[in-house]
Amino acid sequence: MKPGPYADQQSPRQPRRPWVVGVSGASGTPYAAAVLRGLLDAGQSVDLVVSRASRLTLLDETGIAFRDAHWRDDLRTWLARGADGKPDTFDPCLDDVRHWSAGDLAAGPSSGSYPVQGMLIVPASTACVAGVALGLSKDLLQRAASVTLKERRRLVVAVRETPLNGQTLRHLVALDEAGAVVLPASPAFYAGATHIQDLVDFVAGRVLDAAGVAHGLYRRWEGELGGSRADS
């Protein structure tokens, strides 16, 4: 049998398939940091989009300025910080993180042909929720989310706001109907939290659960009342 025209060529390498993580301007930057650390600890690749509004929130909540030109140093400083504000609590490895500027609408995640596993928006502001629900695509974060929905990939929206008005609730219903997972950033207390980091990690763990990424961020319910106090 005559060999095919590509017989002498090596098999193509499997493409990198990251999770896109979008950080919007809602309060809750520790949630984003915990999700990012969880993905990286699980050996997942990450494409990061930090909105303009979220940079103001990050500066206000942590004192860290996130700059495109110095994103790796700024991200390392951010992810090393604990939820209590203590620096150098964690030692993140950023070898498989790629950053895209929020204003870059020609970036990889803006196209459905760019291979990704899905997208996590943590935290998601009501403005971000509205933009994605209405398909506005005003920046890369919203565009990447719209692409995720149209390609039928997993989209997790960790909305962080209270109270919620009717308009936002309708937008959340629209996202649910479009196939997204709407995940309010609501910590639970059955896991035996003793520190603010425990509460943050619970929410981050639920986000990773929705994405199907294995982690050990919180104690799971095992059907035993008082189980969370057993180790106290």
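Q: Which residues of E1 are buried on one side, and which on the other?
A: In this predicted model, strand E1 spans residues 19-23, and five of its five residues are buried, so the strand is largely enclosed by the rest of the structure. In a regular strand the side chains alternate between the two faces of the sheet. Both faces of E1 are covered, and the buried residues are Trp-19, Val-21 and Val-23 on one side and Val-20 and Gly-22 on the other.

Q: Which residue in E4 is the bridge partner of Val-21?
A: Strand E1 is joined by five bridges to strand E2 (residues 46-50), the two running parallel, and in that pairing Val-21 stands opposite Leu-48. Four bridges join E1 to strand E4 (residues 118-124), and these two strands also run parallel. Within E4, the bridge partner of Val-21 is Leu-120.

Q: What is the hand of the β-α-β crossover from E1 to E2?
A: E1 and E2 run parallel and are joined by five bridges. Between them the chain passes through helix H1, which covers residues 29-41, and the hand of this β-α-β crossover is right-handed.

Q: How many disulfides does the structure hold?
A: Cys-128 has a relative accessible area of 7% and is therefore buried, whereas Cys-93, with 46%, is partly exposed. As for disulfides in the structure, the count is zero.

Q: How many residues apart in sequence are the parts that Asp-68 and Arg-55 tie together?
A: Asp-68 forms a salt bridge with Arg-55, and their closest N and O atoms are 2.8 Å apart. Asp-68 lies in the loop between helix H2 (52-62) and helix H3 (71-80), while Arg-55 lies in helix H2, so the pair ties together parts whose separation in sequence is 13 residues.

Q: Is Arg-55 buried or exposed?
A: Its salt-bridge partner is Asp-68, and Asp-68 counts as partly exposed at 32% relative accessibility. The cut-off for a buried residue is under 20% relative accessible area. Arg-55 has a value of 16%, so Arg-55 is buried.

Q: What accessible area do Tyr-190, Trp-221 and Leu-225 have together?
A: Leu-225 lies in the segment after helix H7 (196-211) and counts as exposed because its relative accessibility is 78%. Tyr-190, Trp-221 and Leu-225 form a nonpolar patch on the surface, and their accessible area together is about 390 Å².

Methods. Residues numbered from 1 in each chain as written. Predicted model: local features only at pLDDT ≥ 70, side-chain atom pairs only at ≥ 80, totals over all residues. Heavy atoms only, no water. Patch = residues over 30% accessible without salt bridge, like charges linked within 9 Å, V, L, I, M, F, W, Y side chains within 5 Å. Areas by Shrake-Rupley, 256 points an atom, 1.4 Å probe, with all protein chains shown as cover. Salt bridge = Lys/Arg side-chain N within 4 Å of Asp/Glu carboxyl O. Buried < 20%, exposed > 50% of the residue type's maximum accessible area, 1.4 Å probe, protein only. Pairing = 2+ DSSP bridges. Right-handed = clockwise from strand over helix to strand, strands pointing away. Disulfide = S-S within 2.5 Å.
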